[in-house]
Amino acid sequence: MRTVRIFDSPAQVAGAVADRLGELLAANPRPVITFPTGSTMLPVYDEIVSRSKDGRLDLRGVQVIQLDEYAGVDDQTAASFRAWLHEHLLDPAGITEFHTLPAHDPTPPALAAYEDGIRARGGVDLAILGIGGNGHIAFNEPGSPADSRTRVVDLDRRTRQANERYWTNADAFVPTRAVTQGIGTILEARSILLIATGAEKADILHEALNGPVTEHVPASLIRSHPHAEVLADAAAGRHHDVEDDRISA
Ligand code: GLP
């Protein structure tokens, strides 16, 4: 079922994501999950970490698969997505298994080995995604092929601008290239949860859900997945018609 659920606040969205993780963990203590970065995810990770600290969620068995990363950055770069995920989710939640992208040296064999690593873990159980202002998912910019695999991509000017805030003096400028799971890779997950909050996501979310399913709006491609769900707050979901709660491809 492809469902859109609209909540009053980002805090309620965060609670729903944490509930979903709880259900997944009850069925399988070793789930394979991709977690995105971005400001949308901060309240979500705060909620997950808080539930892990008070014992409501035990995430120690979770196997995390990295979704995207800047190309050429090493583990020491503070603005890297690896460092961000360690800080906001993995370390406080006690998650130690993190299958990372070969971002520092993304050669074709290294990228293929990364995808082999996903298969070796039995594939992704749950892919949690954000949505970029231009409709990107992970770092799959508009025009990314629906069957694309993990690869190096050029970043859109808008995406670089949106991420400028993370690149302080010490880290210099936003890289121009990134390594990302492809759309084909993402769509192989058994289920997908796309999270959108804030008024600035309202138009692109509406386009992704109600416009054509097209590579020009990468997030629209999740509508071809049989188990994709969208969780949004009222601001991001303000164009959503409750009559249309089940989105169709
Ligand atoms: C980056 C990441 C995406 C993420 C997006 C949304 O571009 N590559 O995976 O979905 O940011 O970020 P925010 O939540 O800050 O809007």
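Residues are numbered from 1 along each chain as its sequence is written. In this predicted model, local features need pLDDT of at least 70, side-chain atom pairs count only at pLDDT 80 or more, and totals for chains, interfaces and linings use all residues, while side-chain values use heavy atoms, with hydrogens and water left out.

**Exercise 1.** Determine how many salt bridges the structure holds, and describe the one between Glu-115 and Arg-119.

Solution. A salt bridge is a side-chain nitrogen of Lys or Arg within 4 Å of a carboxyl oxygen of Asp or Glu, and the structure holds 13 of them. Between Glu-115 and Arg-119 the closest N and O atoms are 3.9 Å apart. Both residues belong to helix 4 (residues 108-120), where 4 residues, or about one helical turn, separate them; helices (H or I, at least four residues) and strands (E, at least two) are DSSP runs, numbered from the N terminus. Glu-115 has a relative accessible area of 7% and is buried, where buried means under 20% relative accessible area, exposed over 50%, and partly exposed in between (1.4 Å probe, protein chains only).

**Exercise 2.** Find which parts of the chain are linked by the salt bridge of Arg-190 with Asp-125.

Solution. The closest N and O atoms of Arg-190 and Asp-125 are 2.9 Å apart. This pair links distant parts of the chain, 65 residues apart: Arg-190 lies in the loop between helix 6 (183-187) and strand 9 (191-196), and Asp-125 in the loop between helix 4 and strand 6 (126-129). Arg-190 is partly exposed at 44% relative accessibility, whereas Asp-125 is buried at 14%.

**Exercise 3.** Identify the residues linked in a network of salt bridges.

Solution. Start from Glu-188 and Arg-149, whose closest N and O atoms are 2.8 Å apart. The network links Glu-115, Asp-116, Arg-119, Arg-149 and Glu-188.

**Exercise 4.** Work out the strand order of the open sheet and which strands stand at its edges.

Solution. Two strands pair if DSSP finds at least two bridges between them. The open sheet is formed by 7 strands in the order 1-10-9-6-2-3-5, with parallel pairing. Strand 1 (3-7) and strand 5 (97-99) stand at the edges, because each has a single partner strand, which leaves one side of each without a neighbour in the sheet. Within the sheet, strand 6 and strand 9 run parallel and are joined by 4 bridges, and Ala-127 has Ile-192 in strand 9 as its bridge partner.
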